Structures are given as C-alpha cells and as structure tokens.
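Please open the model in your viewer and keep the selection tool at hand. The tour below moves from one selection to the next.

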Amino acid sequence: MAKKINRSGAGNFLGIFFLCAVACLMVLPMVYAVGNSFKPMDELFKFPPTLLPNRWVTTNYTDLFVLMGNSWVPFSRYFFNTLFITSVGTFGQIVFCSLCAYPLAMYTFPGSKFLGNLIKTALMFNGTVLWLPLFMIKAKLGMINTYWAIIIPTFGSPMGMYLMRQFMSQIPRSLVEAARIDGAGSVRIFWSIVMPQVKSAWLTLMIFSVQNLWNLGASVFIQSESLKTLPYALQQIVSTGIARQGVANAVTVIMMSIPIVTFVISQSNIIETMATSGMKD
C-alpha cells in the first residue's frame, strides 16, 4: 500500500506562500523591463524608480521601428537572418545530437566509453575560449561571413549530446529488442520508438538552443551587414547614448519575448525533464 502523506493546513499555506513569493521575485525583473519600455524619457531616470509607468507611452517602440526603417538594411532582413539561424541551428542540433547519442546509449562498441567521457570533458569548456580555434577552422573551410559559420558548430553541442544520451540510456532495452524482433530496423527504431520516448529531453534542448541562437550577435564570424542578426542591429541602434535609453528598453523586451514564449509553450516538458528519473524495466 502507498504511504499516505498527511499535511497540516498551516504547512500547505506556508508552502504555497513560499512558492508565490519566489514566483513574484522571478517575475519582477520582467515586469520592470516591460514597464520601462512604456515609460516616457523623464520617468526613466526618476529616483527612486517605479515598477510601472505613471504615464504609458508607445514612443519607445515607434522610435525603434523608425530607426530600423531608416537603416541601410531593412528590419525584415535582420529578422529573417536571426529566424533562419535559430530555426535551422535548433533543428540540426536536435537531430545530430540525437543521432550521436543513440548508438552511445543503445550499443557497446570499441571506443564508446572514450567518446562518452570526451563529451563529458567538453562540457567543462566555455564557448568563449573556443572562438579563436573555431575562427581559424571556419576561415580554412571558407565559412566566414556565411550563415553556416554560426549554424554548423551548434550541431555538435556537448550539452545536447549528453542530455540525449542520458535519457536514451533509460529506455528499457526490452522495448527496443521487441521492435527489432518485429522486424524494425535501426532507423525506424530511432524515429518511431526512441525519439517519442525522449520527447521531453529534445524539447528541453530546443528551448536552450533557441535561447542561445536568438540572442547571438555573431559579429565575429559575420561581417556583411546584410547577413547580420537582429541582436547586433538592435544593439548598434541603442549604443549611441542615453538619448535612446527608452529605445534600449524596448529592445530588451523584444529580445526576451521569443525565449519566454518558447519556454511557456514547452514548460511542461521542461518540468518533466527535471523531475523524471527515466523509464525502467
């Protein structure tokens, strides 16, 4: 019989109160950023600062779109560049990391343990320290100043490989063996059985990938203005000084909106990824 857990009313109240307090602390910076984007210039430098504006205006957003409309490269071009890099990079990262993790999780072969340890070791390196060797490799391959200079390196994400491998290793071997006895090949087992079982893992990887790629300036590897991303263009607009502080707040809201929407849509799978211990025989 399952053990019944008894909780007092006071304990439930304290638990709910604590969770609400933590939620408010986490939401507060986002509310403050949205409020600042609708403040007139005189309220932005008011001390002490207010959470919400006393007078709501939309001039910060209209000024931003006017500035982007007068730029040499259209706003739609910057948006397309970022959307293309984010979409293709995220899709490729999920597919390639899953394909790499599948044999490491399901089979034992010479060098499999070494490759697993190599992935764990790669997790310790910060991406910034790899910029110089990556730049040299991309230059030799002729990838500088192209979309692929940003997209292709994301396919081999150590974090993605490690996450997918850990979840795939928890799939019951009996399930895979039963599919193989029924005549399913490795490709069909991968797409029809393994990937649906680790849906929460690759959706979590999708959120992390979207967040990283959407906010990537990529000015080191892309010099052509027509190929630059939206974060770079927006940062150039607001870097002229405090006169565009309101526009800078509007930029902050725009840049954080896409990762937040992606997270809200897939939040149940994030929670499942963090809470589950995997399937067992």
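**A tour of rings and helices**

Select Phe-84 to begin: with a relative accessible area of 24% it is partly exposed, a term for values between buried (under 20%) and exposed (over 50%), found with a 1.4 Å probe on protein chains only. The model is a predicted one, in which local features need pLDDT of at least 70, side-chain atom pairs count only at pLDDT 80 or more, and totals for chains, interfaces and linings use all residues. Residues are numbered from 1 along each chain as its sequence is written, and side-chain values use heavy atoms, with hydrogens and water left out.

Phe-80 and Phe-84 are 4 residues apart in helix H4 (residues 75-106), and about one helical turn separates them; helices here are DSSP runs (H or I) of at least four residues, numbered from the N terminus. Their ring centres lie 5.9 Å apart with the planes at 25°, so the pair is stacked. Rings of Phe, Tyr and Trp (its six-membered ring) pair if their centres lie within 6.5 Å, and planes under 30 degrees apart count as stacked, over 60 as edge-to-face and the rest as tilted.

Next, select Phe-38 and Tyr-61, a tilted pair with 5.1 Å from centre to centre and 45° between the planes. Phe-38 lies in the loop between helix H1 (9-37) and helix H2 (41-44), and Tyr-61 in helix H3 (residues 59-69), so the pair ties together parts 23 residues apart in sequence. Tyr-61 counts as buried, at 16% relative accessibility.

Conventions
Helices (H or I, at least four residues) and strands (E, at least two) are DSSP runs, numbered from the N terminus.
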